[in-house]
Amino acid sequence: MGFFTDFFQWAAEAGFLGPCRRCIVSAALFGFLISLSPALFAQAPSKPAPRAASAPSGAGQEATLEADRQSQVGKVFYADGHVDVRYQDTRLRADHVEYNEETQVVIATGHVQLDYQMQHVEASDARYEVNTGRGTFHHVRATFALQRRPTPSLLISLNPLYFEAQVAERLSPDTYRIRGAWLTVCDPNRPLWKFYAPEATVRLQKSVHLENGNFRVLSVPVLYLPFATFPAEHRRDSGFLIPDIGDSSRKGFVFGDDYYWAPTDWMDGTIGAHYFSDRGWSQNADIRMKPWENSTLVATYSGMEDRGLTQVGGPRLNQGGNEEKLLFTALLPDGWRAVADLDHLSSLTYRLAWSETYTQAVNSEVRNNAFLGKNFNGFSLNFASISYENYLNATTTTAQQTSISLRTAPEARFSSVDQAPFRHLPLYFSFESFLGASHRGENVTPFSTPGFVERNEFAPTVTMPLHFGPWLDVTPSFTFRSTHYGGQLQNGNYAGIGFFRNTEEFSLDIRPPSLDRVWGSEASRWKHVIEPEIVYSYVNGVDDFARNIRFDEDDTLT
């Protein structure tokens with residue numbers, strides 16, 4: 001450190017110290033001062049220590065110092081009044097800065113502000129030991145973004161993390177201990193919620209740990225947290241979530257917990273179990289991932305090992321079971337899109353007994369859909385596999401369940417939107433077609449078809465929109481629909497005798513003039529519009545509806 005003494009003595013003799021407002025000095029000195037530059041709770045890239053230069057300006061990287069006054073007394077160097085130090089993308093401001101060459105301690109007091117990239121830290125004073133890397137800061141206020149490494153499949157929040165602390169102590173290059181702190185991602189002037197912790201440990205680019213803290217809404221404590229952690233910077237952390245503890249008249253004493261697992265940026269999951277003293281124990285799992293760009297996969301599982309519901313004068317009613325769901329969506333090359341929405345339910349009783357919402361509990365349908373499709377030049381091509389099951393009663397065993405199951409697999413559909421092949425004629429042509437195999441089964445009648453019943457259809461449509469001035473639009477449309485079935489119903493039984501169903505469908509859409517009026521004044525106005533619409537439809541060709549097997553809505557034409 002003798003270089004700094006020689007440098008300041010030379011500067012004093014040359015008249016640069018004292019009234020000088022601005023000077024450029026070697027980063028060898030301010031490299032130590034800017035050791036503060038890694039924001040209190042975000043680690044900066046490490047810099048190689050600059051070599052001492054023989055010239056006052058030094059060699060290599062430089063720092064800029066602005067101050068009203070600069071001086072030296074023995075081994076201590078002083079900068080006072082609007083001290084502003086800039087080093088690369090770091091800026092430190094304070095009212096007073098001292099550096100002791102002998103003890104290698106930097107002290108900054110009065111409106112200390114540190115800016116590094118997207119991080120901003122304020123403190124009343126700071127003390128930093130150059131030789132040990134330890135430091136202490138008081139009355140800290142800091143803001144920095146919890147940004148992770150950006151990827152095409154990762155959503156990054158723009159909400160910064162704001163906190164205030166009485167004391168922040170730097171224990172190592174990547175560990176800080178803060179006391180009397182509160183944290184939030186809301187507006188710091190009016191935070192809706194925040195975490196408060198007497199003590200917290202911040203590990204740069206890893207996590208923030210709270211001890212004996214609490215969660216507050218509008219400054220009112222609502223949840224005590226003896227120990228909690230949340231990730232900061234590069235990646236998410238895996239760990240146990242807040243346990244569930246309670247009591248229920250239906251379940252008894254409830255205790256359970258979930259483990260959050262985040263092995264990579266594009267995948268995470270939750271797995272857990274809950275114990276019910278009156279019934280048994282349940283399991284749950286959720287897996288979420290983005291395997292590649294423009295793709296999403298979500299898989300869920302829920303199950304219940306039930307001891308049974310107590311019944312007066314009878315055996316326990318077992319309501320256990322399980323349900324698994326999978327949703328996969330992906331945009332593939334060349335404009336293709338793939339979707340798989342799958343659901344498996346062991347029994348309707350399980351859904352009725354253990355669903356968490358009313359909408360889930362009253363749903364007796366189980367749907368499975370998978371398709372691969374592409375839209376191009378007004379045409380649509382799809383390959384699909386579809387199944388539908390509707391439970392008619394809730395029972396504990398599969399043998400006692402009554403349901404209707406429908407399946408269409410495989411199936412190919414090809415269609416077109418309205419297109420005008422003639423430039424000067426108001427004629428638009430479109431078509432719908434499909435080719436596939438269907439199945440229907442039920443254990444109410446019982447009735448069942450073979451596994452694959454042929455079903456094909458081709459339906460071209462011609463439309464001619466007519467405009468009679470600006471007041472009247474008339475659009476007639478005609479469709480010829482030809483459907484071939486590989487089987488039919490005869491006296492309620494299946495017969496493998498194919499037949500064609502040919503229908504002529506006519507539609508007339510009339511749009512009379514619209515009536516509207518505007519009421520109100522300059523301050524406020526409202527408009528009332530009456531848009532009449534007249535539609536006439538005619539279908540011919542369905543001679544014997546009773547022989548059609550109802551697989552889906554395509555077969556309900558009457």
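# Notebook: salt bridges, strands and cores

I began with a charged pair: the side chains of Arg127 and Glu129 meet in a salt bridge, 2.9 Å from N to O. My rule for a salt bridge is a side-chain nitrogen of Lys or Arg within 4 Å of a carboxyl oxygen of Asp or Glu. This is a predicted model, so I kept to its limits: local features need pLDDT of at least 70, side-chain atom pairs count only at pLDDT 80 or more, and totals for chains, interfaces and linings use all residues. Residues are numbered from 1 along each chain as its sequence is written, and side-chain values use heavy atoms, with hydrogens and water left out.

**Entry 1. Cover on the first pair.** I looked up the accessibility of both partners. Arg127 has 39% relative accessibility and therefore counts as partly exposed. Glu129 is also partly exposed, because its relative accessible area is 22%. The cut-offs I used are under 20% relative accessible area for buried, over 50% for exposed, and partly exposed in between, with a 1.4 Å probe and protein chains only.

**Entry 2. A pair across the chain.** Next I took Arg134. Arg134 forms a salt bridge with Glu169, and the closest N and O atoms are 3.0 Å apart. This pair links distant parts of the chain, 35 residues apart. Arg134 sits in the loop between strand S7 (119–129) and strand S8 (135–145), while Glu169 lies in strand S9 (residues 160–172). Strands here are DSSP runs of E with at least two residues, helices are runs of H or I with at least four residues, and both are numbered from the N terminus. Arg134 counts as partly exposed because its relative accessibility is 35%.

Entry 3. I then checked Glu365 and Arg367. Their side chains meet in a salt bridge, at 3.1 Å from N to O. Glu365 has a relative accessible area of 26%, so it is partly exposed. Arg367 is partly exposed too, with 46%. I also found a network of salt bridges that links Glu411, Arg413, Arg455, Asp552, Asp554 and Asp555. Side chains of opposite charge can pair when their charged atoms come close.

**Entry 4. Arg481.** Is this arginine, Arg481, buried or exposed? It counts as buried, because its relative accessibility is 16%. I placed Arg481 in strand S31 (residues 472–485). A polar contact of 2.7 Å joins its side chain to that of Glu505. A polar contact is a pair of N or O atoms within 3.5 Å; within protein, one must be able to donate a hydrogen and the other to accept it, and residues adjacent in sequence count only if both atoms are side-chain atoms. Leaving out residues up to four places away in sequence, Arg481 touches residues including Glu432, Glu457, Phe458, Arg501 and Leu557. Contact means heavy atoms within 4.5 Å.

**Entry 5. Thr229.** I found Thr229 in strand S13 (residues 220–231). Its relative accessibility is 39%, so it counts as partly exposed. Thr229 touches Ser207, Val208, His209 and Asp237, not counting residues up to four places away in sequence. Thr201 is 28 residues from Thr229 in sequence and 9.4 Å away in space, C-alpha to C-alpha.

**Entry 6. Strand pairing.** I followed S25 (residues 379–391) to S26 (residues 403–419): the two run antiparallel, joined by 12 bridges. Two strands pair if DSSP finds at least two bridges between them. Tyr391 stands opposite Ser403 in S26. S26 is also joined to S27 (residues 428–442) by 12 bridges, again antiparallel. There I noted Ser416 opposite Phe431.

**Entry 7. A hairpin.** S35 and S36 form a hairpin, with four residues between them. The pair is antiparallel, over six bridges, with S36 spanning residues 525–530. Val518 stands opposite Lys527 in S36.

**Entry 8. Cores and totals.** The largest nonpolar core has 31 residues, and Val83, Val140, Ile178, Leu183 and Leu210 have the most contacts inside it. Apart from it I found another core, of 10 residues, among them Val254, Met304, Tyr350 and Val366. A nonpolar core is a set of buried Ala, Val, Leu, Ile, Met, Phe, Trp, Tyr and Cys residues joined through side-chain atoms within 4.5 Å. Last, I noted the totals. The protein chain has four helices and 37 strands. Buried residues make up 38% of its 558 residues.
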